Number of protein chains: 2
Amino acid sequence: MSDPAQTPSRRSLFQMIGTVAGSAAMYHAMTVLGHAAESPFNGPIKLSAPPPGTSVLVLGAGIAGMVAAMELRDAGYRVQVLEYNNRPGGRNWSLYGGDVYTELGGATQTVRFDPGQYINPGPWRIPYHHQGILHYVNRLNVALEPFTQVNYNAYVHSTKMFGGKPVRYREVQADFHGHVAELLAKCTRQNALDQTLSKEDRELLLTALKDWGALDANYEYGKNLISAERRGYDIDPGGGLDPEPAPSEPRAMSDMLRSGLWAAIGAGHSYDMQSSIFQPKGGMGQIGKAFGKALEPLIQYNAKVIDIHQDAGGVTVAYVDSRSGGERRTATADWCVCTIPASILSQIPMNVGGPMRAAIDHLPYMASLKVGLQFKRRFWEEDECIYGGHTYTNQSNRVIGYPMWDYFSKGKGVLLGAYTFGREAFIAAARSPEQRIEDALECGARIHPQYRAEYECGVAVAWHRVPWALGCAGEWSDEGREQHYNNLCALDGRIILAGEHASRLAAWQEGSVTSALDAVERLHKRVMNA
Amino acid sequence: MSDPAQTPSRRSLFQMIGTVAGSAAMYHAMTVLGHAAESPFNGPIKLSAPPPGTSVLVLGAGIAGMVAAMELRDAGYRVQVLEYNNRPGGRNWSLYGGDVYTELGGATQTVRFDPGQYINPGPWRIPYHHQGILHYVNRLNVALEPFTQVNYNAYVHSTKMFGGKPVRYREVQADFHGHVAELLAKCTRQNALDQTLSKEDRELLLTALKDWGALDANYEYGKNLISAERRGYDIDPGGGLDPEPAPSEPRAMSDMLRSGLWAAIGAGHSYDMQSSIFQPKGGMGQIGKAFGKALEPLIQYNAKVIDIHQDAGGVTVAYVDSRSGGERRTATADWCVCTIPASILSQIPMNVGGPMRAAIDHLPYMASLKVGLQFKRRFWEEDECIYGGHTYTNQSNRVIGYPMWDYFSKGKGVLLGAYTFGREAFIAAARSPEQRIEDALECGARIHPQYRAEYECGVAVAWHRVPWALGCAGEWSDEGREQHYNNLCALDGRIILAGEHASRLAAWQEGSVTSALDAVERLHKRVMNA
C-alpha cells in the first residue's frame, strides 16, 4: 500500500485507501495472513477417565484456561486454576459502571457508565461458524443476540473527500457496484471478453451485471429510480398525494476510487464478519462470568505466576498475590496447561526446551485501542436512523461502533468511539486515558456534531498497557509461524500451552477454544500412554 | 427475461435466472416499478382542534385505519372504526397455536403450533428508514428485535445445477464478486478502459478490485487462502496442532452464470432489505394488537361494510355482522376515512365520483403465498449452523425463511416453508391448504433432508383466498398509476381513501402509515376550511 516507488501524491492516496477502511481493511489483511477463520470444532470432546488422582494445574482463567479446566475436570482430573485478575474471563471482558481499571503506568479509570451500559475492550462478536465458543456459550446458558456488522445507513467518512462530510454506506456500496458493473458491461459489449467467455456466457453476464449493479436499459449506472433503490432517494416515495419520488445523484467512479471509501465494502464479506453473527446479551464478559461460576471452587484469583518448574515428578508453580505481592506460594500438579499470553510468559522463568522458549520469545503482540463513550441520548438513532453497525473513517479513531442492543430505547447509550490497531493504537497507548478519550471525541465530532453537547463519560483501553496481556493478541507473521508455531504448541515434558496465540485464529475466542481442546486432547493422550 | 427470440434452451436459462432468486428478484422488480422505498415521514403530525363534535368514521382497523383513528382522536375528533375481523391489524397478522382461520371456499385451518411459535402471513420486516411505522411501534411500546435478511451460511439452490445440491450463500457471492473483479481487472490491464478512465484511476481500480474481489497478486480469483476468507475452507483453521487450513475450490464463472444463483446476491442490497432491519418480538401482529388496545373503545369488530353513502349532511355506512349476517345496521359521521382494500371496496356500493370509482375498479391485487411449518427441532441450526435469514430456490416454494428469534434454543421451531408471488402463488391458491403444505415439504426436503422426519404441523395462507383482502397488496403498473393514482387518493366529497394501495410503498406497512397521515392531514385541512 505504500510502495516507495510511488510519487508522493499517489502514495498518500494509496495510504488513504489503506487507512480509511479502518478495521475492514485491517481484518482483510489479517485474514490473508491466516487469521480468523472457521472452527474445526466438531462437537463436544469426551475424554476417558484418567488414572485416579491425576492432577493438572491450569494457568490463566481466560477462555482457553477455563475450557481446559472444564473438560479436564469433567474427565475426572484434579484441576486447579491460577488467575492474575480478580475475575474470570481474561480478555473476555466487559466494563460496566463502577468498574475500576488500572493500566501499566498506574493510570486508573473508574467507569462511570449508567446501569445497563458497557463496553467490551476485547472481543465483541461471535460469527456463526465459531462453533467451539458457541458450544460453551450454550452449555453455560449465556443468552446471545444478533450483532450488526453492516449497517447500510451508517457512514463511511474521509476528511479529504466530499467536503469532509460522511457518506452513507449504502451510497458507497451502490456506487462502487454500479460503476464496476457498468465498466465490465462496457468491456463486454466492446468485445474485450470475446476470447475469455462464450457468446452465451457474455449475454448472461450482461443480464447479471444489469441486475446486480442496478444498471439501466443501456447498461449504464445513473441517476434514476433503479439506482435509487440501492443508494436512496432525494425525495422518498410516500403515501397519498405526498410528492413524487426523486432519485439521488450517484458519485463519479473517479471520486469513488480516489476517496478510498470503497475499502469499507469488504467489511461484511470476510468469513469472520459475515452474518449471522452474535454477541452475548449484556456484554461479552458474560461468558467469562458464566465460566467462572461453573468452575468456582477451582479458580484462585489474584495469583501472579512468577515461576514455572517441571521435573520428573510434576510441575511446581510459584505465585504471589497480584495486588500486594508478599508471600511466595506454590501450587503443584502432575501436568500443566499454561494459557498465559506469550507476551507475559516470556518474562516468567519456565524450564522448557529451547524450541518452545524461542517460540514464546519470538511472538510479537498486536496493539489495539478501544474507547467507550457514554452520551446522554442515542442521537445516532434519534437524529440519524443508525441502529447498530459501524461507521468507518480515515481519522485516527478509525471506527465508531453503535450499540447493538436496546435499539430505540429512550435512554443513554455507549458508543465504541475508537477501535484501532497498529500505528494509531501504539500512539494512543503513549497518551493518557483522558487524551485518548479526547482524541476520540474530536474525531467523532467531525462525523456526529452532537458529540460535544451529549457526551458524559468514557473509558479507554490501550492493550499494550493492559498489565496482564501487554497487547491484544499474538501477531504471527507467515515466517514466524513457519518457524515457531509447532514448537509453541508441542507438549514440552509436562507443560502444554494454549490460547489464541497457540491457534491459527489469532485474536478470536474460537482460537482459544480450539487451542485448549487440542491441548487437553494431546495432554490426555500422553497421560493415558504414560 | 423470457424474450421469445431466445432459443428454448437459452430461454429456460433466463427464466431460471428470474425464478431462482425467489423474492430477491421479485422485490428488485417491484422496486423498479416504484414500490418499496424510504418513508417521507417527518415526525409525528399534530392536527389542530377541529370544530367540537366533528365526527369521522374509519373503515378498517388495519394499520392505515388505526393510524388515522389515533391521530384524529388525538386531535379531538369523534371517531368510530368498523372492522370486518374479530381482531385489529388487518394484514398485520401473526398466526399462533389455537388460532382458527377460514379462507374463501370454506377451508378452515386450526393452527397447532406450540406456544411461542408463530408465522406472519403478511408483513414480517421493518427497514430502518420506515420511520412512520417505527414511530407508532415505539409510541405503542412494541419491542423490536433485528431481522436477518442476509445469512451467508444459508443456501441458494437450483434443482438444475451443481447436482441439485444447495450451495452456501457465501460461496455464491464470493465467486460472483471474484469473477467480476478478475474479468474487469483483465480488461483494465489489457487497455480496454484506456479511453474511459485515467491512468491513475485505472491503477486505483486494480487495487480496489483486488481487495474487493479477493484476487491474488496476479489479479486472479482462484483456490487460495484469500478466496477462502470469503467463500470458506475445505479444512478450517483451528487451534494447536489441528490440521493446517486448506482453501476451497471456487466455481467457474460460466457455471455461476448458467446457474442463475447470482440473482440471490441482490437480496440484501435493495433499499427495503438493507440492514438494519427489524421485526416485532413475538410476531408482526403485536403491532396490530397494541394499536387495537390503544383504540379499544373506538373499534367495532365483526362489522362487514355493505354500503357507503355520502350526502350534504354526512356519511352513512351500512354493515352487518361478518360472522352471522343478520340485521343491517348503520353508522354515521361527518366524514369517512375508508381503508378497505380496493379488491373488496370495488364490490361495495359507494357513491363517489367516476374518477375514484374507476381507480378502485382498476387496481389489481398481487397474489402471494406463505406457508409456516413447525418442526420438532431446529435442525437448520443444530445440523447446518443456519441462524435466521433465507434460502432461495428455483422450486415453487421459492424461499425458506428461518426463524430470527430464540436462536440456539433447544425446542421446536417454525420455518417459513414457502413465500411466493405471482404464478406460483396463484397455483397455490387453487390448491387446498393441505396440498400447499405438502408442496412446501416436498420442495424443502430437497434442501433439508431432515424435513420429513422432523415435521409436525403447518398452516398455509394464500392471499387471494383471504376473504377480507382477496390478494396481498395493490399491484400498480406504471400506466395504471399514471392514470388512476391521484384519483384514488383525492378527497371525494366527504370520503377519503387510505392504505398501502393509496401509497407509493405498495405492500409495505409504511405505505399504510404515510397514506393515512397524508389522508387525515388533507381531510383535516378540508374540515378547517369548511
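## A quick tour of this predicted model

Let's start with α6(B), whose buried residues are Asp201(B), Leu204(B), Leu205(B), Ala208(B), Leu209(B), Lys210(B), Asp211(B), Trp212(B) and Gly213(B). "Buried" here means that 20 or more other C-beta atoms, placed from the backbone, lie within 10 Å of a residue's own; 12 or fewer makes it exposed, and anything in between partly exposed. Helices (H or I, at least four residues) and strands (E, at least two) are DSSP runs, numbered from the N terminus.

This is a predicted model, where local features need pLDDT of at least 70, side-chain atom pairs count only at pLDDT 80 or more, and totals for chains, interfaces and linings use all residues. Residues are numbered from 1 along each chain as its sequence is written, while chains are lettered from A and ligands numbered from 1 in the order in which they are written.

**Confidence**
- Chain A has a mean pLDDT (the predictor's confidence in each residue, from 0 to 100) of 92, with 92% of its residues at 70 or more.
- Over residues 1-38 of chain A, the pLDDT is below 50.
- For the complex, the predictor gives an ipTM of 0.92 and a pTM of 0.92.

**More on helix α6 of chain B**
- This helix covers residues 199-213, and its end C-alpha atoms are 21 Å apart, which agrees with the 21 Å that its 15 residues should span at 1.5 Å a residue. The expected span is 1.5 Å times one less than the number of residues.
- Just past α6(B) comes Ala214(B), with a positive phi of about 60°.

**A sheet in chain A**
- Three strands make an open, antiparallel sheet in the order β7-β13-β8 (chain A); two strands pair if DSSP finds at least two bridges between them.
- β7 (126-127) and β8 (144-146) of chain A are the edge strands, each pairing on one side only.
- Three antiparallel bridges link β8(A) to β13 of chain A (residues 277-280), and Pro146(A) has Phe278(A) as its bridge partner there.

- A cis peptide bond runs from Ser275(A) to Ser276(A), with omega near -5°; Ser276(A) sits in the loop between α8 (253-259) and β13 of chain A.
- Chain B also has a cis bond from Ser275(B) to Ser276(B), omega near -5°.
- Phe408(A), not a glycine, has a positive phi near 70°, and it counts as partly exposed with 16 C-beta neighbours inside 10 Å.
- Leu470(A) has a positive phi too, near 55°, and is partly exposed with 18 other C-beta atoms within 10 Å.

Methods: Contact = placed C-beta atoms within 7 Å.
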